[in-house]
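Hi,

Here is the structure I promised to pass on.

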Amino acid sequence: MASDAPVSTAPVPWTGAPIAVVGIGADGWDGLGRAARDAIGDAEILFGSARQLDLVPPGVAARRVRWPSPLVPALPGLLQEHAGARLCVLASGDPMFYGIGVTLARLLGAPALRVLPQPSSASLACARLGWSLPETPVVSVVGRPLVTVLPELADRRRLLVLSADEHTPRELAALLGRRGFGGSELTVLEQLGGRAERHRAGIAKQWEHPPGDPLNIVAVTCAADPGFARATRLPGLPDELFGGDGQLTKHEIRALTLAALAPAPGELLWDVGGGSGSVAIEWCRAHPGNRAVAFERLERRRRQIADNATALGVPHILVRGEVRAELAADAEIAAPDAIFVGGGLTQDGVLETCWAQLRRGGRLVANAVTAESESLLLSWSSAQGGVLRKFQIYRGEPLGSFTAWRPQLPVAQWSVVKPATKFPAEG
């Protein structure tokens, strides 16, 4: 199964005949319809993995080319090398379901392809289990860290995990056991749709099955241990889930901050003065397609951001140094959809730099806890508009045999949307 990571920012013009992308299941040639068989039979070059190519009968005349490893970097050159021939690409099941079809569409554009899908492994798994496909989230750990499963976990929730290989089920069971979901039920479905189809089931913390077939998908029915802190996709995770030196936006203020940032699927956040990375982490947990860059000048805190991001299932967060220095060294850092400034507000040029880099229509949210930084937000609000708020959080704590309300540091917050068009004075 190919990575569905983008290989280019824009499709490369394709001058050859449309490429047939044919999904083939574990049932092989016998499971293909006439159109799929004709597309394979008409090809001069047939691309695929060794397993996929072996499913095609010897009588098919096409020259067979196995995918190199790593595939994605070699793909443009490989296709151009054979651009004058009739090409066919084999994929597992549905090519547009975490498959090579997605990569090819991003590289060449949809008009360059003729996609002929088979049922995906998720469709087949839900058919076997009696689960509703649109209500079942799917997480792929093919070419991705296993911890990316973590944000999807919730008590009584069902999900499917696309395995990287035969070791994924055991590794997943161990991860669930460590993270408070050891009572979850796992069902491993191997070689779905083929003659060698097999199912194995068990409880995560008691998993003793040996590695089986590398072509498998794992169905998980989550069972949460009530002794572990809840960690959902909604903002405001418990503070104790973040390791480090305590430099973090506390969970009540963090929830209010994420509400002001208003993450939408696929958006990019800059978390400036990242500290523990809590805001960037919660931004990315809000949706699997969200991305973040955390800027932090101290190396020890950069390490803790990376550690926290991995522990909370979003290891793809990019961790960089001080924002102005990083921009001076790398002008290609993508412009963000939103910026949170949680530290370094009073450093010369930080807010100016962030405002200049924010795309038009993007959101900027800045929190201040000192009089000096609050004064700066008042000045910027006067010049740029936006909304000013001030939060005071009290937590109940023991006072002898009674309970007293202990105040946290008050937080001033400025949130603003950058105008979508330039004003005449901006040139």
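**Salt bridges**

Arg-198 forms a salt bridge with Glu-190, with 3.1 Å between the closest N and O atoms (the rule asks for a side-chain nitrogen of Lys or Arg within 4 Å of a carboxyl oxygen of Asp or Glu). Glu-190 counts as buried at 2% relative accessibility, while Arg-198, at 39%, is partly exposed (buried is under 20% relative accessible area, exposed over 50%, partly exposed in between, with a 1.4 Å probe and protein chains only). Elsewhere, salt bridges with shared partners tie Asp-239, Glu-252, Arg-254, Glu-282 and Arg-395 into one network.

Before I go on, some bookkeeping: this is a predicted model, where local features need pLDDT of at least 70 and side-chain atom pairs count only at pLDDT 80 or more, whereas totals for chains, interfaces and linings use all residues. Residues are numbered from 1 along each chain as its sequence is written, and side-chain values use heavy atoms, leaving out hydrogens and water.

The salt-bridge count comes to 22. Another one is Glu-152 with Arg-157, at 2.5 Å from N to O; Glu-152 is buried at 9% and Arg-157 partly exposed at 31%. Then there is Arg-86 with Asp-42, at 3.6 Å. That pair links distant parts of the chain, 44 residues apart: Arg-86 is in the loop between α3 (71–81) and β4, and Asp-42 is in helix α1 (residues 34–42). Both ends are partly exposed, Arg-86 at 39% and Asp-42 at 44%.

**Chain and sheet**

The protein chain has twelve helices and 19 strands (DSSP runs numbered from the N terminus: helices are H or I with at least four residues, strands are E with at least two). Of its 427 residues, 45% are buried, and the C-alpha trace spans about 80 × 65 × 35 Å along its principal axes.

On β4 (residues 87–92), five of the six residues are buried. Three bridges join β4 to β2 (residues 45–48), and Phe-47 is partnered with Val-89.

**Cores**

Which residues touch the most other members of the largest nonpolar core? Among its 24 residues, they are Trp-270, Val-272, Ile-339, Val-341 and Leu-364 (a nonpolar core is a set of buried Ala, Val, Leu, Ile, Met, Phe, Trp, Tyr and Cys residues joined through side-chain atoms within 4.5 Å). The largest share, four residues, comes from α11. A separate core of 22 residues includes Trp-14, Trp-67, Leu-78 and Leu-107.

**One buried lysine**

Lys-418 lies in the segment after β19 and is buried, with a relative accessible area of 8%. Leaving aside residues up to four places away in sequence, Lys-418 touches Trp-355, Ala-356, Leu-358, Arg-359, Arg-360, Gly-361 and Gly-362 (contact means heavy atoms within 4.5 Å).

Cheers

How values were computed: Pairing = 2+ DSSP bridges.
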